[in-house]
Amino acid sequence: MSDKAVPRNTKNSSNGLSRRGFLGRTGSIIGAVALAGHITPAQAAAPPGAIADGARVPVLVIGTGYGGSVAALRLAQAGVDVQMIEMGMSWDTPGSDGKIFPKVTTPDYRSFWLRTRTKAPLSNFLGFPIDKDVPKYTGILDAEDFAGITVYQGRGVGGGSLVNGGMAVTPKRANFSAVLPTVDADEMYGTYYPRANAGLGVGMIDPAWFDTADCYQFSRVGRKHAQRSGFAWTFVPDVYDWDYMKREAAGTAPQSALAGEILYGNNHGKKSLVQTYLAQARATGRVTISALHKVTSVSPAAGGGYTVTIDQINTTGDTVATKTVTSDRVFFAAGSVGTSKLLVKLKATGALPNLNGEVGKGWGENGNVMCGRANHMWDPTGKLQSTIPCSGIDNWDAGGAFAEVAPLPTGIETYASFYLSITKNPNRAEFTWNAATGKVDLSWQTAWKQPSISMAKTIFDKINSKEGTIYRTDLFGAYKIWNDTLTYHPLGGAVLNKATDNYGRLHGYTGLYVIDGALIPGNASVNPFVTITALAERNIEKIIATDLP
């Protein structure tokens with residue numbers, strides 16, 4: 001992906017639809033039916049500068065998300081050449097509509113990873129199912145299905161930073177010991193959280209602007225309802241360029257967050273890793289990224305280091321070349337699911353048999369559960385809603401839940417309040433190798449979401465009682481209140497100080513490291529990417545100081 005920010009488009013898409021027009025198109029909503037004309041995939045060219053078959057490299061990083069980007073930057077600054085391998089695309093070329101990323105209400109071939117039908121987090125609206133057929137393509141959002149849960153993950157250079165809402169939350173210090181009990185909190189809060197927040201470009205919305213902006217009426221309604229029920233309400237930092245959003249609202253810049261862009265990428269104001277850590281890494285001249293490349297095996301090389309097998313794929317997911325390279329050191333940074341699946345496979349199939357029995361264990365979904373509430377007509381949430389959430393309801397200590405006041409950027413007035421809750425769900429799952437299918441299974445059960453629902457209800461039952469409102473039952477299926485079959489925040493599977501030592505070194509193999517969300521045991525108490533980044537900053541500093549010649 002280019003080191004430059006994605007191009008600023010000068011032509012805005014229409015943001016408004018009449019209620020009649022909206023319903024006439026079967027109730028399109030977040031991540032739903034395409035309202036625009038049909039767009040088809042462009043012919044994919046071979047990635048320029050991709051890693052060569054037979055190459056020998058000092059460091060290979062599997063993945064370009066938060067942990068991998070931190071590792072690549074700090075290693076490069078220390079004088080080490082780094083090869084990054086990314087399964088997804090380099091999102092730097094506009095489609096036929098002139099934009100790199102589509103709106104949440106108009107998913108097309110760019111939206112989903114190798115699916116032939118969309119799978120939006122909100123599957124229904126006003127009684128209408130809203131998913132649709134799309135061409136199979138290496139799109140930006142992976143809805144990866146396991147037996148009991150769908151895990152949403154970003155695909156492309158920049159990983160999850162491409163598709164998340166950008167809520168950049170540092171956990172309360174009082175909660176940190178429950179998140180990472182073997183990590184020194186003084187170091188994290190004194191050094192590594194500040195370093196991560198600075199590197200990510202974290203900022204806070206202007207409270208005065210918030211109080212008057214039309215696009216945050218939904219969040220002000222959330223504040224009013226929370227406070228009237230006695231709950232703490234708080235602003236939440238984010239990595240969006242807030243000055244840019246003010247210009248969007250004033251009509252002096254192309255709209256992005258105010259044009260329904262986030263779930264399938266954001267064309268303008270959001271500071272993804274492409275604009276932060278990865279831009280700095282590339283500027284060193286020591287970091288090379290191979291997009292549309294997938295690591296399938298890592299094993300000890302006869303002459304030292306590790307033999308890494310990599311499939312190069314095209315935009316329909318077909319393997320077009322297989323490469324074998326050798327690396328002195330390998331960092332697993334493919335995300336909680338990607339790293340865990342790969343390590344479990346390598347242990348079970350004999351490529352890395354000395355990995356210990358903790359590999360694959362301790363996986364959790366950060367207690368994610370979603371719901372909506374139907375407000376009264378005198379509590380409109382606004383036709384224009386920013387896709388960037390900026391506030392939440394805190395009942396963590398009393399009820400085990402923090403609820404993000406989330407947008408529903410439909411372009412019409414819905415009178416709905418929508419929430420993503422993070423809860424203290426204690427359940428943990430395990431990845432295991434299924435020799436019969438040649439795939440990795442996950443033991444998560446949908447019933448394990450019940451603690452999350454109960455914890456979220458400590459907030460929303462009380463608000464509904466106070467306001468005389470009800471839950472929406474048309475968002476996740478027929479008469480279904482809770483979306484209890486998904487997570488946006490996969491964590492664990494190669495837990496710190498269990499599958500690895502206390503700095504991410506994998507037990508059993510010198511020169512193999514985990515440096516992503518797989519290290520965090522299942523729950524971060526908040527949106528996790530700042531913690532993933534800060535932990536990576538801590539770990540790579542130690543590794544550079546002690547492991548590099």
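What follows is a short exchange about ring pairs and charges over rings.

Author: The model is predicted. It holds 24 aromatic pairs.

Reader: Why is the pair of Tyr109 and Tyr137 called edge-to-face?

Author: The planes of Tyr109 and Tyr137 are 85 degrees apart, and an angle over 60 counts as edge-to-face. The centres are 4.7 Å apart, and rings pair if their centres lie within 6.5 Å.

Reader: What makes this pair a tie between parts of the chain?

Author: Tyr109 lies in the loop between strand 2 (82-85) and strand 3 (124-125), and Tyr137 in the loop between strand 4 (128-129) and strand 5 (141-145), so the pair ties together parts that are 28 residues apart in sequence.

Reader: Why does Tyr109 count as buried?

Author: Buried means under 20% relative accessible area, and Tyr109 has 4%. Tyr137, with 6%, is buried as well.

Reader: How do you know that Phe176 and Tyr189 form an edge-to-face pair?

Author: Their ring centres are 5.6 Å apart and their planes stand at 85 degrees, so the pair is edge-to-face. Phe176 is in helix 3 (residues 173-179) and Tyr189 in helix 4 (residues 185-200), 13 residues apart. Both Phe176 and Tyr189 are buried.

Reader: What makes Arg538 a charge over the ring of Tyr503?

Author: Arg538 lies over the face of Tyr503 at 4.0 Å from the ring centre, and the cut-off is within 6 Å. Lys542 also lies over the face of Tyr503, at 5.4 Å from the ring centre.

Note on methods: Residues are numbered from 1 along each chain as its sequence is written. This is a predicted model: local features need pLDDT of at least 70, side-chain atom pairs count only at pLDDT 80 or more; totals for chains, interfaces and linings use all residues. Side-chain values use heavy atoms; hydrogens and water are left out. Rings of Phe, Tyr and Trp (its six-membered ring) pair if their centres lie within 6.5 Å; planes under 30 degrees apart count as stacked, over 60 as edge-to-face and the rest as tilted. Helices (H or I, at least four residues) and strands (E, at least two) are DSSP runs, numbered from the N terminus. Buried means under 20% relative accessible area, exposed over 50%, partly exposed in between (1.4 Å probe, protein chains only). A charge sits over a ring if NZ of Lys or CZ of Arg is within 6 Å of the ring centre and within 35 degrees of the ring normal.
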